[in-house]
Amino acid sequence: MNDQLTPDERAALRARIVGGARDIKPAGAHRGAWIAGSVAALLVVALAGGVAATTTLSAPPIANTPSPSPTATVAPVPTPTASPTPTPTAPPARIVAQPASRFSFGCADVAPFVASFFGGEVPEIASTIPRLTGNAWLPGPMQDSFEQAGALYCEFGELNGRSAEVSIVPDAEGVVEHHRAVLGDTCSAEFPCELIEGAFLSVVGTSDGEVGRTPEDDALSAVAASQIGDLIRASPPSASRWVPPTGSRALPGECATVLPPERLGPIVGIPDLKSVEDGWGGWSVQAWMLDGYWDAPLCHYYPASATNDLDTESVRVTWLPGGEWAFDAAVTGQPISATGGRTTDAARLSDGPLGGGTVYYADVLVDGNWVRVALPWSMTEDDRPAAVKSIAELLFEGVYG
């Protein structure tokens with residue numbers, strides 16, 4: 001074959017080749033592959049949102065499955081968890097504890113040591129709660145102050161006859177100093193002031209109710225005190241188990257703070273009232289129990305113009321810190337409605353014998369403390385309920401504001 005072509009032959013051959021190429025049509029699998037490639041390209045462009053240049057002639061000769069587009073990972077939105085509602089804390093249960101003796105022995109064990117006041121015969125136990133045997137005793141807080149301390153009080157005999165009284169007070173540090181400060185003298189053998197195992201011991205008796213105490217009686221007291229002292233040493237007082245009412249506070253140990261005289265005066269109808277905290281007479285373990293042991297001084301209010309504190313127009317106040325345990329049993333008088341207190345507080349108008357007559361009291365329970373106000377003798381029956389109400393509200397205001 002002659003591969004030498006003339007120019008005209010080359011031109012004719014070129015025209016045939018170009019024309020044949022234009023007549024070629026894709027068919028069968030090749031057509032499908034193209035369509036698939038074109039569609040895939042268009043999908044990619046559409047999904048990408050951009051512009052892509054594709055050449056349909058460059059599609060692969062086999063069908064391709066489009067690659068799945070990547071799925072964006074979305075972090076889960078945390079669902080807010082509701083904070084738990086705090087459970088309200090209930091206030092502590094109110095506890096009003098009953099006091100108990102701190103000694104392992106009782107009045108029956110003490111009785112043989114005071115038998116000498118009764119001619120050698122062991123007397124019957126008259127009372128374990130102090131009775132009103134004289135001016136030293138006041139009914140109410142002063143009487144119950146012994147039991148609240150876990151002290152032992154034993155009273156034998158008759159009120160106006162032969163009698164003996166034994167007081168044993170645990171945790172009585174300071175009593176000797178207080179005795180000497182008030183009386184300005186030292187303790188004598190007839191009136192022991194020493195502490196025995198931390199307890200103060202007092203023995204007072206009379207073998208003749210008509211004569212009263214004699215030097216012989218003081219000697220008998222000293223002997224009895226020595227014997228009872230041995231009993232205390234053999235069985236010292238136990239630890240205290242009494243506690244004040246739950247959540248309560250003791251009143252401050254100042255009469256003018258507890259009941260300001262300038263505000264108490266108009267209530268009781270005594271103008272220009274003043275207060276004193278000097279007790280009523282000399283020293284006694286009874287008065288010391290309130291003043292020295294419980295920091296509740298004996299309060300006496302009387303007119304500033306009075307020549308002495310025994311004026312009949314006067315007001316006497318005693319209180320027992322934490323004495324709520326004794327209030328209901330000891331105070332059975334008329335309930336008086338007063339505002340400003342709490343549900344555990346109370347006010348009552350009561351009465352009792354004192355000094356050969358009848359004295360009326362405003363008995364108030366405030367924040368666990370028992371306050372007793374002896375109203376003036378001259379106050380009328382109609383005025384007493386209003387006075388009790390006002391005294392209670394004055395105390396509530398001073399404690400709670």
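A charge sits over a ring if NZ of Lys or CZ of Arg is within 6 Å of the ring centre and within 35 degrees of the ring normal. In this predicted model, Arg 372 meets that criterion: its charged end sits over the ring of Tyr 361, 4.0 Å from the centre. Arg 384 is placed likewise over Tyr 360, with its charged end 3.6 Å from the ring centre.

Confidence was examined next. The protein has a mean pLDDT of 79. Values of 70 or more are reached by 70% of the residues. Residues 12-65 stay under 50. For that segment the model has 16 contacts beyond four places in sequence.

Aromatic pairs number 7 in the structure. One of them joins Phe 103 and Phe 105, whose ring centres lie 5.4 Å apart. Their planes meet at 50°, so the pair is tilted. Phe 103 is buried, at 8% relative accessible area. Phe 105 is buried as well, at 7%.

Trp 242 and Trp 294 form an edge-to-face pair, because their planes stand at 80° and the class requires over 60. Their ring centres are 5.8 Å apart.

Key
Residues are numbered from 1 along each chain as its sequence is written. This is a predicted model: local features need pLDDT of at least 70, side-chain atom pairs count only at pLDDT 80 or more; totals for chains, interfaces and linings use all residues. Side-chain values use heavy atoms; hydrogens and water are left out. pLDDT is the predictor's confidence in each residue, from 0 to 100. Contact means heavy atoms within 4.5 Å. Rings of Phe, Tyr and Trp (its six-membered ring) pair if their centres lie within 6.5 Å; planes under 30 degrees apart count as stacked, over 60 as edge-to-face and the rest as tilted. Buried means under 20% relative accessible area, exposed over 50%, partly exposed in between (1.4 Å probe, protein chains only).
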